[in-house]
Amino acid sequence: MKKLKHNNTSIVNINYHLIWCPKYRRKVLVNGVDDRLKVVLCEIAKEMDCEIESMEIMPDHCHIFIKATPIIPIHLIVKNLKGKSSKILREEFPTLKSRLPNLWTRSYYCETIGCISEETIKKYIENQKNA
């Protein structure tokens, strides 16, 4: 069952697939850093009224499937997730400071995810006059 977000004027289902990497694609998300990162990202998402549906932390990149509201633009969601997690992890794991000037690269990948395919939506819109 879909978890829709509600407010007084709208019902939304906004989902993103996010991917980003440590600086220089270094394999530093290991030895407990990965587990702590999962906890930190969930806490940050909750503060922004977002919900991480699933997440996989690889040694050199993160995959996150996150539900959001339309109030917060995706670039701010990513900025908060990356910025706050970097600050916390670099304080808790000093080796990250010595190995990297910044924890994360400046770039990220984002794709919107829906439960209805693009083709289904196009067909639905095209068939409205025929209905």
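Visitor: In what order do the elements of the protein chain run from the N terminus on?

Guide: This is a predicted model, and its order reads β-β-β-α-β-β-α-α-β-α. In total you get 4 helices and 6 strands.

Visitor: Why is Tyr24 called exposed?

Guide: Exposed means over 50% relative accessible area. Tyr24 comes in at 53%, so it counts as exposed. You'll find Tyr24 in the loop between strand 3 (14-20) and helix 1 (33-47).

Visitor: And what makes Arg25 partly exposed?

Guide: Under 20% would be buried and over 50% exposed, with partly exposed in between. Arg25 has 43% relative accessibility, so it lands in that middle class. Arg25 also sits in the loop between strand 3 and helix 1.

Visitor: What is the phi of Tyr24?

Guide: Tyr24 has a positive phi, about 60°, even though it isn't a glycine. Arg25 isn't a glycine either, and its phi is positive too, near 50°.

Visitor: What share of the residues is buried?

Guide: Buried residues make up 35% of the 131 in the protein chain. To be in that group, a residue needs under 20% relative accessible area.

Key:
Residues numbered from 1 in each chain as written. Predicted model: local features only at pLDDT ≥ 70, side-chain atom pairs only at ≥ 80, totals over all residues. Heavy atoms only, no water. Helix = DSSP H or I, 4+ residues; strand = E, 2+ residues; numbered from the N terminus. Buried < 20%, exposed > 50% of the residue type's maximum accessible area, 1.4 Å probe, protein only.
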